[in-house]
Amino acid sequence: MNDNDIELEPVVYIVIGRVWEDEDASPDTAITIHALLTAPDDDDAVRKTLESLSAQGYVEAELDQIGVMDGEPDDPVYEGAYQDALAGNVAIVTFAP
């Protein structure tokens, strides 16, 4: 077997930010989100995250951080989201203000 035959796990990005449901909402009404998804690069991860948030009805978003997950998370909050991301979905975890 050569190195080209090794099946690599897809890269799972985590994008952290805040979203608002109303255009006139104040900063204290922001909902913190963590998005988990697979993408070929950072730019695609950001684009897919914003498209998904828009499709879910959020009118404004501020994305603060992007990173790559280092394997499956131990935190049960992210277990389902990680599996959804591996399946090709954009999984959004929200944290109430």
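Here is a chat about how some labels on this predicted model follow from its computed values.

User: How do you know that the span of helix 1 agrees with its number of residues?

Analyst: Helix 1 covers residues 42–55, so there are 14 residues at 1.5 Å each.

User: What makes you say that the buried residues of helix 1 line one face?

Analyst: The residues in question are A45, T49, S52 and L53. Looking down the axis of helix 1, its buried residues fall within an arc of 100°, so they line one face. On the face turned away from that side you find the exposed residues D43 and A55.

User: What do those buried residues pack against?

Analyst: They pack against strand 1 (12–20), strand 2 (31–38), strand 3 and strand 4 (91–95).

User: Why is the pair R18 and E62 called a salt bridge?

Analyst: The cut-off is 4 Å between a side-chain nitrogen of Lys or Arg and a carboxyl oxygen of Asp or Glu. For R18 and E62 the closest N and O atoms are 2.3 Å apart, so the pair meets the definition of a salt bridge. The pair also links distant parts of the chain, with R18 in strand 1 and E62 in strand 3, 44 residues apart.

User: Why are R18 and E62 called partly exposed?

Analyst: Buried means under 20% relative accessible area and exposed means over 50%, with partly exposed in between. R18 has 27% and E62 has 33%, so both count as partly exposed.

User: What about R47: which partners does it have in salt bridges?

Analyst: One is D44, with the closest N and O atoms 3.3 Å apart. Another is E51, at 3.2 Å from N to O. Both distances are within 4 Å, so both pairs qualify. The structure holds 4 salt bridges.

User: How do you know that R47 sits about one helical turn from D44 and from E51?

Analyst: R47 and D44 both lie in helix 1, 3 residues apart, which is about one turn. R47 and E51 are 4 residues apart in helix 1, so about one helical turn separates them too.

User: Are R47, D44 and E51 buried, exposed or partly exposed, and what makes them so?

Analyst: R47 has a relative accessible area of 40%, D44 has 21% and E51 has 44%. Each value falls between 20% and 50%, so the label is partly exposed. D44, at 21%, still counts as partly exposed, because buried means under 20%.

Key
Residues are numbered from 1 along each chain as its sequence is written. This is a predicted model: local features need pLDDT of at least 70, side-chain atom pairs count only at pLDDT 80 or more; totals for chains, interfaces and linings use all residues. Side-chain values use heavy atoms; hydrogens and water are left out. Helices (H or I, at least four residues) and strands (E, at least two) are DSSP runs, numbered from the N terminus. The expected span of a helix is 1.5 Å times one less than its number of residues. Buried means under 20% relative accessible area, exposed over 50%, partly exposed in between (1.4 Å probe, protein chains only). The arc is that of the directions from the helix axis to the C-beta atoms. Contact means heavy atoms within 4.5 Å.
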